[in-house]
Amino acid sequence: MNSIRIFAPATVANVACGFDILGFALCSPGDEISIEFNNLHKIILHDNTPYHLPLEAEKNVTAVALQSMLDALKTNQGFTITFLQKIMPGSGVGSSAASSAAGVFGANELLDKPFTRNNLVQFAMQGERIASGSAHADNVAPALLGGFTLVRSYTPLDVISLPSPTIYATVVHPQIEVRTSDSRKILRHEIPIKKAVEQWGNVAGLVTGLFTNDYALIGRSLQDVIVEPVRALLIPEFYTIKQAALDAGALGCSISGSGPSLFALSETEKTAQKVAAAMQQGFTNIGIDNHVFVSPINKEGTRVV
Ligand code: HSE
């Protein structure tokens, strides 16, 4: 085998209370690439998407992630990657993470799997460093592993797969631009202990809810008292739209990753569709174009097509 096609899914990072540590994967949208060996000892990139992706290897997240994996293997094997389908960059559903995950996963397959999926997270993270200035793993971990994931520690890296109950995500992407690097810069660096206590309680509550299939507990725990209040300022009418989602029956609603997308979780697909309509109407009411989609949790993660 010397050529392969790979799909890597969109992801929702943070999941309200878990800034930089929690995430889950969606069934769609996602990235699709083809990857093959070349004899040129370098990474060659082609772009068949409408997004004018950077094709210099040192500026492209997929190539940076893949190069970190090749460096760890001490190999100068060349690869040619063609981007076939791409999540819209800057939407807040892990576009750069999907690209990084697809590249390292595909090369790992072609090289006869020197690494486990879990081990690939450390390489895919390197793509996030050039995309946003920080090598966070809360998008790349669920993109690679599927389901809900927890980054228990960054040093050393310790990524845990959590149980994924049957639950439906609604994601609304308003057509406004929020760059991850900018929405990280505005965060406060000091947290009052009282807020930290609330956040710890919610993280533990959410993880417990996932383990016990307790939807009410999941709903109560989908609260972010640290990051959301700051980033909400970047999203017009954030609180109105969040309330519309909750009124339509969502268990909880917050910002997807660094925004501008919002996500909500619902117990049934029917509710998730009602929530989608309510959130969409919220943005339409203030004249902001938006895309909405509903997805179950993707339990498989990155895969060969
Ligand atoms: N945890 C990251 C953030 C996800 O919120 O900045 C964005 O990719």
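Colleague: Hi! How many cavities of 30 Å³ or more does a search of the whole structure find?

Modeller: The search finds 1 cavity of 30 Å³ or more. On a 1 Å grid over the protein atoms alone, a cavity is a set of points where a 1.4 Å probe fits but cannot get out, while a pocket is an open set with protein on both sides within 12 Å along at least five of seven lines; lining residues have an atom within 4 Å of a point.

Colleague: And what am I looking at, before we go on?

Modeller: This is a predicted model, where local features need pLDDT of at least 70 and side-chain atom pairs count only at pLDDT 80 or more, while totals for chains, interfaces and linings use all residues. Residues are numbered from 1 along each chain as its sequence is written, and side-chain values use heavy atoms, with hydrogens and water left out.

Colleague: Thanks! What volume does the largest cavity have?

Modeller: Its volume is about 40 Å³. A volume here is the space filled by probe spheres set on the grid points, which are joined across faces, edges and corners.

Colleague: Which residues line the largest cavity?

Modeller: The lining is made of Asn14, Ala16, Asp224, Val227, Glu228, Arg231, Ser254, Ile255 and Gly257. Two elements give two or more residues to that lining: helix 8 (228-231) and strand 8 (252-255). Helices (H or I, at least four residues) and strands (E, at least two) are DSSP runs, numbered from the N terminus.

Colleague: How do the lining residues of the largest cavity divide by type?

Modeller: They divide into 3 nonpolar, 3 polar and 3 charged. Ala, Val, Leu, Ile, Met, Phe, Trp, Tyr, Cys and Pro count as nonpolar, Asp, Glu, Lys and Arg as charged, and the others, Gly among them, as polar.

Colleague: I see Glu228 in that lining. Which side chain does Glu228 meet in a salt bridge?

Modeller: Glu228 meets the side chain of Lys242, at 2.9 Å from N to O. This pair links distant parts of the chain, with Glu228 in helix 8 and Lys242 in helix 9 (residues 238-247), 14 residues apart. A salt bridge is a side-chain nitrogen of Lys or Arg within 4 Å of a carboxyl oxygen of Asp or Glu.

Colleague: Is Glu228 buried or exposed?

Modeller: Glu228 counts as buried because its relative accessibility is 4%. Lys242 is buried too, at 15%. The cut-offs are under 20% relative accessible area for buried and over 50% for exposed, with partly exposed in between (1.4 Å probe, protein chains only).

Colleague: How many salt bridges are there in the whole structure?

Modeller: The search finds 12 salt bridges. One of them joins Lys195 and Glu198, at 4.0 Å from N to O. Both residues lie in helix 6, 3 residues apart, about one turn of the helix. Lys195 is partly exposed at 33%, and Glu198 is partly exposed at 34%.

Colleague: Which residues are linked in a network of salt bridges?

Modeller: That network links Glu177, Arg179, Asp182 and Lys185.

Colleague: New topic: which residues make the nonpolar surface patch?

Modeller: Ile193, Val197 and Trp200 make a nonpolar patch of about 360 Å². Patches are made of residues with over 30% relative accessible area and no salt bridge; like charges are joined within 9 Å, and nonpolar side chains (Val, Leu, Ile, Met, Phe, Trp, Tyr) within 5 Å. The areas come from the Shrake-Rupley method with a 1.4 Å probe, and for residues only the protein chains shown count as cover.

Colleague: Where is Trp200?

Modeller: Trp200 is in helix 6 (residues 193-212). Trp200 counts as exposed because its relative accessibility is 55%.

Colleague: Which helix gives the most to the lining of the largest pocket?

Modeller: Helix 3 does, with 4 residues. By type, the pocket lining divides into 12 nonpolar, 19 polar and 9 charged.

Colleague: One last stop: where does Leu265 sit?

Modeller: Leu265 is in strand 9 (residues 262-266). Leu265 is buried, with a relative accessible area of 0%.
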